[in-house]
Amino acid sequence: MWLNRQYLVKFSGLLLVWLAAWYLGYLFAAFILKETRTTSIAILQDIGKKPVLRAPVPKRQKCDHWSPCSPGNYAYRILSGGGKRRMAKICFEDELLISEEKGNVGRGINIAIVNYKTGKVTSAKFFDMWEGDHSGEMMTFIKNAPEGSLLLMVTHDDGSTWLKNDAKKLVEELGSKEIQNMKFRSSWAFIAAKGFKLPDNIQKEKINHSDKKMNRYDGWPAEIQIEGCIPRNLI
């Protein structure tokens with residue numbers, strides 16, 4: 001009788017241990033199954049997602065060109081003034097030759113002279129064509145540019161009121177096709193070479209006339225710009 005009780009106690013103990021082990025195993029298996037299911041769903045969701053492609057930040061080019069000039073070329077950009085606050089700019093090989101930042105831009109016609117061989121500016125000046133007669137002074141400035149020079153010209157505000165015919169003729173001889181059409185507050189940009197010829201396929205000149213119905217600013221037309229690349233082996 002005593003032995004039966006002893007066996008019964010042992011059996012009950014083994015049964016409790018077995019039940020506890022089974023329950024712990026059940027809990028562990030349920031946890032593993034849940035984690036596996038969650039991970040599988042996440043993987044499937046990731047597969048369904050389209051990859052996010054991030055475009056690289058574009059590299060800044062000389063004179064803020066959209067695309068770089070080929071090696072062996074000069075980069076230039078000429079931007080006319082717009083209204084009272086947007087001042088004209090002349091950039092050559094990523095250097096501002098005339099700008100508000102440099103403090104050398106003004107009302108009228110702005111001109112920068114660049115040594116073609118070195119790519120360095122030799123002189124820069126503006127000529128007020130609204131107040132005072134500076135047309136002759138501008139002619140002297142242009143005539144004094146050495147052979148083998150690039151001349152970059154641009155207007156800010158008005159460049160026509162005091163611009164005389166002989167000055168227009170001089171600029172026309174440099175290759176301008178629009179200087180004779182200059183009107184009050186026309187936006188104008190022009191690049192020329194002295195003593196050599198620029199390629200035919202580059203932007204050399206652009207003009208935009210003031211029009212009350214079309215003006216971007218009150219009394220002023222929109223800015224215009226020309227830009228491009230000039231080979232360094234023209235002379």
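**Notebook: rings, cores and a pocket**

I searched the whole structure for aromatic pairs and found six. My criterion: rings of Phe, Tyr and Trp (its six-membered ring) pair if their centres lie within 6.5 Å, with planes under 30 degrees apart called stacked, over 60 edge-to-face and the rest tilted.

A note on the source: this is a predicted model, where local features need pLDDT of at least 70, side-chain atom pairs count only at pLDDT 80 or more, and totals for chains, interfaces and linings use all residues. Residues are numbered from 1 along each chain as its sequence is written, and side-chain values use heavy atoms, leaving out hydrogens and water.

**Entry 1, ring pairs.** I looked at Y74 and F92, a tilted pair at 5.1 Å centre to centre with 40° between the planes. Y74 sits in strand β1 (residues 73-79) and F92 in strand β2 (residues 89-92), so the pair links parts of the chain 18 residues apart (strands are DSSP E runs of at least two residues, helices H or I runs of at least four, numbered from the N terminus). Both Y74 and F92 are buried, which means under 20% relative accessible area; exposed is over 50% and partly exposed in between (1.4 Å probe, protein chains only).

Next came W130 and F184, also tilted, at 5.9 Å and 50°. They are 54 residues apart, W130 in the loop between β5 (120-127) and α2 (135-143), F184 in the loop between α3 (165-173) and β7. W130 counts as partly exposed because its relative accessibility is 44%; F184 does too, at 40%.

I also noted that ring pairs join Y74, F92, Y116 and F196 into a cluster.

Which residues have the most contacts inside the largest nonpolar core? They are Y76, I78, L150, L152 and I230, in a core of 24 residues. Such a core is a set of buried Ala, Val, Leu, Ile, Met, Phe, Trp, Tyr and Cys residues joined through side-chain atoms within 4.5 Å. Strands giving at least two residues each include β1, β6 (149-156) and β9 (225-231). A second, separate core has 23 residues, among them I113, M139, L174 and W188.

The largest pocket holds about 260 Å³. On a 1 Å grid over the protein atoms alone, a pocket is an open set of points where a 1.4 Å probe fits, with protein on both sides within 12 Å along at least five of seven lines; lining residues have an atom within 4 Å of a point. I counted 14 lining residues, with L174, G175, F190, I191 and K204 nearest the centre. Strand β7 (residues 187-194) gives the most, four residues.

Technical notes
Grid points are joined across faces, edges and corners, and a volume is the space filled by probe spheres set on the points.
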